[in-house]
Amino acid sequence: MEKPVFLQIRLYIGLLLAAMLMQSCAINPVTGKRQLMLLSENQEKALGTQSDPSIVATYGVYEDENLQNFITSKGNLMGRISHKPKLGYEFKILDSPVVNAFALPGGYVYFTRGIMAHFNNEAEFAGVLGHEIGHITARHSAQQYSRQILAQVGLVAGVILSEDFRQYAEIANTGVGLLFLKFGRDNESESDRLGVEYSTKIGYDAHEMAGFFSTLHRLSEQGGGSIPTFLSTHPDPIDREKNVDQLAAQWQRKVNRREFDIERNKYLRRIDGLVYGEDPRQGYFESNNFYHPELKFQFPVPSNWQTANMPTQVQMAPEGGKALMLLTLSNEKSLNQAADALLQQNQWQLVSNKNERVNGLNAMSVLAQQVDQQSQQAIKIQAYLIEYNGLIYQLIGMAYQQDFNNYLTHFNRTMKGFKKLSDASKINVTPERIKIVEIQRATTLQAALKKNGISGKRLEEFAILNGMQLNDQLAKGVLIKVVEKKK
Ligand SMILES: [Zn+2]
């Protein structure tokens with residue numbers, strides 16, 4: 001769990017406003033045309049540099065040295081043949097099961113471990129890498145980001161909040177507005193073109209990039225747990241697939257090279273052992289409780305509330321969004337300091353506070369209020385600050401004044417229910433990991449998956465993960481992805 005990132009928000013917004021006042025005309029490095037740019041190149045770089053820490057704080061970086069080295073070396077190789085060879089790029093894998101890739105202005109490119117799991121060869125990866133570098137080199141975000149960023153609200157999937165509570169929920173999402181930045185159709189097509197160009201130039205077969213769009217398409221049709229946001233912010237995958245296929249053929253004729261790499265087996269070996277899906281070690285909800293096996297705490301969650309677990313906070317809200325409960329960590333060392341900081345940062349007026357004990361832990365309860373500037377609605381807040389294992393946990397509940405007493409029972413039950421987690425069966429949870437297996441004799445994908453313990457209701461999920469159909473024939477020696485659970 002990371003510390004909150006209040007300060008970064010302020011810096012970020014300051015930068016944003018400064019940038020908006022300085023609109024200017026610049027030459028687009030890709031098209032060579034003059035165009036209105038909201039940001040200078042230095043401002044772009046600064047925006048990326050400011051936003052990167054909050055993205056890392058929000059999602060966490062996935063630690064895998066080999067995979068990290070792979071994306072860095074391919075990324076740098078591609079950066080050098082791009083339209084901005086001297087930019088100084090950074091490439092990161094975020095610890096999120098969501099299937100997504102995105103770029104920040106100034107050279108920051110992110111892949112989730114979810115998208116890394118879904119690539120089936122290096123060429124697919126290279127195509128998406130090229131697409132994201134394309135957004136940077138063609139300076140799409142510089143043209144587009146400002147209106148969008150200001151319109152970002154309530155970004156956490158699954159938790160719907162009324163207007164006044166959103167600002168608090170957004171604390172966890174600093175900088176993440178850029179993540180879900182919607183580029184225009186033209187920008188996306190331009191990035192697809194650049195993705196083909198760049199990946200072809202470093203020797204990969206860009207036809208594979210086209211193929212990856214069908215994986216994204218299948219994921220979005222399947223819906224459910226992992227919604228590919230990469231797709232939802234991008235144009236129709238079927239059209240893109242056709243376009244990219246044609247462009248790939250064109251670029252392969254232009255580039256003086258006889259063969260283009262796909263590197264299926266090499267890629268699959270690289271992701272052997274990659275964490276797949278939600279990682280319960282970072283906290284999980286189970287039968288109206290939240291458990292954190294690494295930080296070793298638990299608390300009850302009101303039944304039928306919507307929930308979201310992020311590295312910087314846990315969010316809970318009732319249907320209709322008229323209240324919000326959060327768990328965050330304080331940066332402060334003592335309960336008193338933490339209470340002061342909480343009130344000050346949020347400009348809440350203290351009503352009362354009291355030293356408490358919560359399941360044997362030192363705690364302080366704080367009652368506060370605030371009138372929302374825009375709606376003039378009075379909001380009441382109850383917070384429990386709890387000292388545990390050298391950290392100060394903040395459980396914060398808020399609701400409109402008139403609803404507050406209705407929600408207080410829920411707040412109290414959750415806050416006073418915070419306690420040490422000692423149940424070994426809740427602590428010793430392990431995530432699923434990708435396991436690469438070699439087919440021993442010719443068979444169908446479906447038979448091979450079943451043989452490797454994939455349950456009937458997950459067969460389609462694994463067909464998509466493998467970029468295949470269940471009735472596809474597999475020859476002896478072919479590698480496929482299945483999963484296993486181990487420490
Ligand atoms: Zn894009």
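**Reading the helices of a predicted model**

Student: Which residues of α9 are buried?

Tutor: We call a residue buried if 20 or more other C-beta atoms lie within 10 Å of its own. In α9 these are His207, Glu208, Met209, Ala210, Gly211, Phe212, Phe213, Thr215, Leu216 and Leu219. Across the protein chain, buried residues make up 43% of the 487 residues.

Student: Let's turn to a pair of helices. At what angle do α5 and α8 pack?

Tutor: Helix α5 (residues 122–137) and helix α8 (residues 185–201) pack at about 125°, and their axes are 7 Å apart. Angles from 65 to 115 degrees count as roughly perpendicular and those over 145 as roughly antiparallel, so α5 and α8 are oblique to each other. The crossing of α5 past α8 is right-handed.

Student: Which residues meet there?

Tutor: From α5 they include Ala123, Gly127, His131 and Gly134, and from α8 they include Ser191, Leu194, Gly195 and Tyr198. The residues of this contact divide into 7 nonpolar, 9 polar and 2 charged.

Student: How many helices and strands does the protein chain have?

Tutor: It has 17 helices and 21 strands. Looking at contacts with a separation of 6 or more in the protein chain, 69% come from residues 24 or more positions apart.

Conventions. Residues are numbered from 1 along each chain as its sequence is written. This is a predicted model: local features need pLDDT of at least 70, side-chain atom pairs count only at pLDDT 80 or more; totals for chains, interfaces and linings use all residues. Axes are lines fitted to C-alpha atoms, for helices over the stretch in contact, and angles run from 0 to 180 degrees between N-to-C directions. Helices (H or I, at least four residues) and strands (E, at least two) are DSSP runs, numbered from the N terminus. Angles under 35 degrees count as roughly parallel, over 145 as roughly antiparallel, 65 to 115 as roughly perpendicular and the rest as oblique. A crossing is left-handed if the near helix is turned anticlockwise from the far one by less than a right angle, and right-handed if clockwise. Two residues are in contact if their C-beta atoms, placed from the backbone, lie within 7 Å. Ala, Val, Leu, Ile, Met, Phe, Trp, Tyr, Cys and Pro count as nonpolar, Asp, Glu, Lys and Arg as charged, and the others, Gly among them, as polar. A residue is buried if 20 or more other C-beta atoms lie within 10 Å of its own, exposed if 12 or fewer, and partly exposed in between; C-beta atoms are placed from the backbone.
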